[in-house]
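The exercises below concern one protein chain. Each gives a task and then a solution in steps.

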Amino acid sequence: SSLLAAMASTTALASSGGAALIGWTGGIVEEFLAAAAGTVKFGALYPTFAAAVAATPAGGMLIQPAGDFTSPFQNGISNPSSYLNKAITIWGAGEGKLVKGNGVTTYDKIVGGTRIEGSFFIKASNVKLYNLAIDSGEDYCRRVHSATPQEGLIVNMSQSGLVGPQPNVWTGLYLDQVTILCMGHNSNVHNFLVENMEHWGFGRVKCYKAGTGFVSKARTCVGGTLICSGSQKQSALHKSESDFGCEHNVITTIICEQWGATNDGTTGPVEFEASTADIDDCVIQHLIMDGVKDGIVFRGDGSNNHWVNRCKVMGGTVKRALTNPVIVIKNTKDCEVVGLRAEACVNGVRVDADSDGFKIGVAQSGTTGGTYLIDNYGTNTEIVNCTGRANSATAGHFRAHNGSSCIVRGGYKATGDSKPLTTLIGTGAVD
């Protein structure tokens, strides 16, 4: 409040030559000087959030107070008529608290902090968002859109109405301490979708209850912590398409869990997908998943020969998978999942045909229904320090199908059994 009071007249501040800054030190002085030059705006001085954004020049900063504000960057799901199209920084007063409704008289919403209500579409470089929430949750959708799910934060989704030439690639997006709420565990909307972007990143982002939590159709991302809760289709997706490849992304931690759903199988997978182009060198350093159908999915395109190349998960835990903690589907090359614990999953790891050089290092426990821990159809599959036990000791712990091949390095231990490795009949080559 003292900051806003001092900034009530930027003209007087500028004319004073900064005399009003006596007693202020460090970065606060720099912010006041920037405000005097007109590059920092204060949302409390404007009648609406839209007016505050409009007043903030490209390259400037908007400091937005706590409160509920309407996003000026929305209009339906697939064809927004308005979008943020200049490089600005928006700094809020907190993410608020996510409150779950009872589904009858109250509905999911964000309470407190800087709450921006409605979808938020961006088509610009060097946009930065800090300490705020984007709320397209059920409370908002029921009041404003007749309970039709709306998108969350979308960067460079296909849009109409653009004026003049547009760059092929945007750069410099950054988010930190941002919460994004949507409506519909199995809907077609996204919490946080980024495409045609490079040299970007985030600190900590929380995504709740869209059909898909996080999507990167982008490259050279350095991400911190990503929390994706209540998304059934995909929790987090790295995807390449013909117009822009996904490559060279590194995320430190992804946490995927149930929220607003109680059954196993309602948490979507973490997926690497080569859709209409190859996907290369994307890495998740630590992953925690609970209540999934499939855990980690590598999905190449065998029909059109698009590959998932050198994508990796370097550690973490997958709990209560209804099918496979890790599944490899077609056209993968030199990918790996190592340092992973799979707990209380129905089946084991499955590697499909047309996979080459997949590396597996998974410790499995409590497998509830399957008869194998690793089911290999691929070539040059590498097993590194795997442990576990299938339900049926006679059926085996490892299966190498005809035409496949597998290399065991560092050992495979079937816990509790006298034999370190058992295989099913009709095996492929095992070295």
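**Exercise 1.** With which residue does E343 form a salt bridge, and how far apart are the closest N and O atoms?

Solution. The model is predicted: local features need pLDDT of at least 70, side-chain atom pairs count only at pLDDT 80 or more, and totals for chains, interfaces and linings use all residues. Residues are numbered from 1 along each chain as its sequence is written, and side-chain values use heavy atoms, with hydrogens and water left out.

Step 1. Apply the criterion: a salt bridge is a side-chain nitrogen of Lys or Arg within 4 Å of a carboxyl oxygen of Asp or Glu.
Step 2. The partner of E343 is R341, and the closest N and O atoms are 3.3 Å apart.
Step 3. Classify the accessibility, where buried means under 20% relative accessible area, exposed over 50%, and partly exposed in between (1.4 Å probe, protein chains only). E343 has a relative accessible area of 24% and is partly exposed; R341, with 39%, is partly exposed too.

**Exercise 2.** Identify the salt-bridge network that contains R115, then describe the surroundings of R115.

Solution.
Step 1. Salt bridges with shared partners connect D68, R115, E117, D135, D139 and R143 into one network.
Step 2. Place R115 in the fold. Helices (H or I, at least four residues) and strands (E, at least two) are DSSP runs, numbered from the N terminus. R115 belongs to strand β7 (residues 114-117).
Step 3. R115 has a relative accessible area of 2%, so this residue is buried.
Step 4. List the contacts, meaning heavy atoms within 4.5 Å. Leaving aside residues up to four places away in sequence, R115 touches G67, D68, F69, K109, I110, A133, D135, D139 and R143.
Step 5. Look for polar contacts, which are pairs of N or O atoms within 3.5 Å; within protein, one must be able to donate a hydrogen and the other to accept it, and residues adjacent in sequence count only if both atoms are side-chain atoms. The side chains of R115 and D68 are joined by one of 3.4 Å. A polar atom of the R115 side chain also lies 3.2 Å from the backbone oxygen of I110.

**Exercise 3.** Count the salt bridges, and examine the pairs R204 with E95 and K217 with E241.

Solution.
Step 1. The count is 23 salt bridges. Side chains of opposite charge can pair when their charged atoms come close.
Step 2. Between R204 and E95 the closest N and O atoms are 2.7 Å apart. R204 sits in strand β13 (residues 190-208) and E95 in the loop between β4 and β5 (97-99), so the pair links distant parts of the chain, 109 residues apart. R204 and E95 are both buried.
Step 3. For K217 and E241 the corresponding separation is 3.3 Å. K217 is in strand β14 (residues 212-229), and E241 is in the loop between β15 (234-240) and β16 (246-247), so this pair ties together parts 24 residues apart in sequence.
Step 4. K217 is buried at 14% relative accessible area, and E241 counts as buried at 18%.

**Exercise 4.** How many aromatic pairs does a search of the whole structure find?

Solution.
Step 1. Rings of Phe, Tyr and Trp (its six-membered ring) pair if their centres lie within 6.5 Å; planes under 30 degrees apart count as stacked, over 60 as edge-to-face and the rest as tilted. The search returns 11 aromatic pairs.
Step 2. The ring centres of W91 and Y130 are 4.4 Å apart and the planes meet at 25°, so this pair is stacked. W91 is in strand β4 (residues 89-91) and Y130 in strand β9 (residues 128-135), so the pair connects parts 39 residues apart in sequence. W91 is partly exposed at 35%, whereas Y130 counts as buried at 16%.
Step 3. F272 and F298 have ring centres 5.1 Å apart and planes at 20°, so they are stacked. At 0% relative accessibility, F272 counts as buried; F298 is likewise buried at 0%.
Step 4. One aromatic cluster consists of F192, W200, F202 and F214.

**Exercise 5.** Trace the strand pairing from β9 through β12 to β13.

Solution.
Step 1. Two strands pair if DSSP finds at least two bridges between them. Seven bridges pair β9 with strand β12 (residues 174-181) in the parallel sense.
Step 2. D135 has L181 in β12 as its bridge partner.
Step 3. β12 and β13 run parallel and are joined by six bridges. L181 is opposite Y208 in β13.
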